[in-house]
Amino acid sequence: MSILVLNAGSSSLKFGLFDDQAEQEFVKGKVSFVSSSRSVSTSMFIKGMATTGVGEGIEDYADAVTWTLKQLSTQGLLDSIQSVGHRI
């Protein structure tokens with residue numbers, strides 16, 4: 001089981017996936033976007049494996065969350081999430 005933590009900034013969504021005791025972060029990532037210029041970059045790091053790219057169709061926070069969940073699902077990690085938190 002794991003805990004998904006989100007941090008929505010002014011032009012980005014950062015995320016981390018922690019073990020169920022919140023002691024070890026084993027996935028972290030960031031979706032950066034500037035809605036006025038449609039410039040988007042994405043990155044995700046999983047246990048030493050990094051992926052970066054340019055996200056298409058990401059215009060707001062809802063799109064960024066959708067991208068994040070899709071990436072976690074692709075890696076087989078979505079079903080392990082038992083809790084979600086947001087850093088204020």
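## Leu4 and its surroundings

In this predicted model, Leu4 makes contacts with Phe15, Gly16, Leu17, Leu69, Leu72, Ile81, Ser83, Val84 and Gly85, when residues up to four places away in sequence are not counted. Leu4 belongs to strand E1. Its relative accessibility is 4%, and because buried means under 20%, Leu4 counts as buried.

One of the contacts of Leu4 is Ser83. These two residues are 79 positions apart along the chain, yet their C-alpha atoms are separated by 6.3 Å.

In soluble globular proteins, nonpolar side chains tend to be buried together.

Leu77 is in contact with Leu17, Phe26, Val27, Ile46 and Leu72, again without counting residues up to four places away in sequence.

## Helix H1

Ala64, Trp67, Thr68, Gln71 and Leu72 are the buried residues of H1. Because they cover an arc of only 130° around the axis, they lie on the same side of H1. An α-helix has 3.6 residues a turn, so residues three or four places apart point the same way. On the face of H1 turned away from the buried side are the exposed residues Ala62, Thr66, Lys70 and Thr74.

Thr68 is found in H1 and has a relative accessible area of 1%, which makes it buried. Beyond its neighbours within four places in sequence, Thr68 contacts Leu13, Phe15 and Val31.

## The loop between E2 and E3

Gln24 is located in the loop that lies between E2 and E3. Leaving aside neighbours within four places in sequence, Gln24 is in contact with Leu17, Phe18 and Asp19. Gln24 and Ser2, 22 residues apart in sequence, have a C-alpha to C-alpha separation of 9.9 Å.

## Overall architecture

The protein chain contains one helix and six strands, arranged along the sequence in the pattern β-β-β-β-β-α-β. Of its 88 residues, 34% are buried. Among contacts with a separation of 6 or more, 38% join residues 24 or more positions apart. The chain exposes about 5500 Å², and carbon and sulfur atoms supply 50% of that area.

## Confidence of the prediction

The average pLDDT of the protein chain is 82, and 81% of the residues score at least 70. Among the elements, E1 has the highest mean pLDDT, at 94, whereas strand E5 (residues 49-53) has the lowest, at 67. Where pLDDT is low, the predicted coordinates should not be read in detail.

Notes: Residues numbered from 1 in each chain as written. Predicted model: local features only at pLDDT ≥ 70, side-chain atom pairs only at ≥ 80, totals over all residues. Heavy atoms only, no water. Contact = heavy atoms within 4.5 Å. Helix = DSSP H or I, 4+ residues; strand = E, 2+ residues; numbered from the N terminus. Buried < 20%, exposed > 50% of the residue type's maximum accessible area, 1.4 Å probe, protein only. Areas by Shrake-Rupley, 256 points an atom, 1.4 Å probe, with all protein chains shown as cover. pLDDT = per-residue confidence, 0-100. Arc of directions from axis to C-beta.
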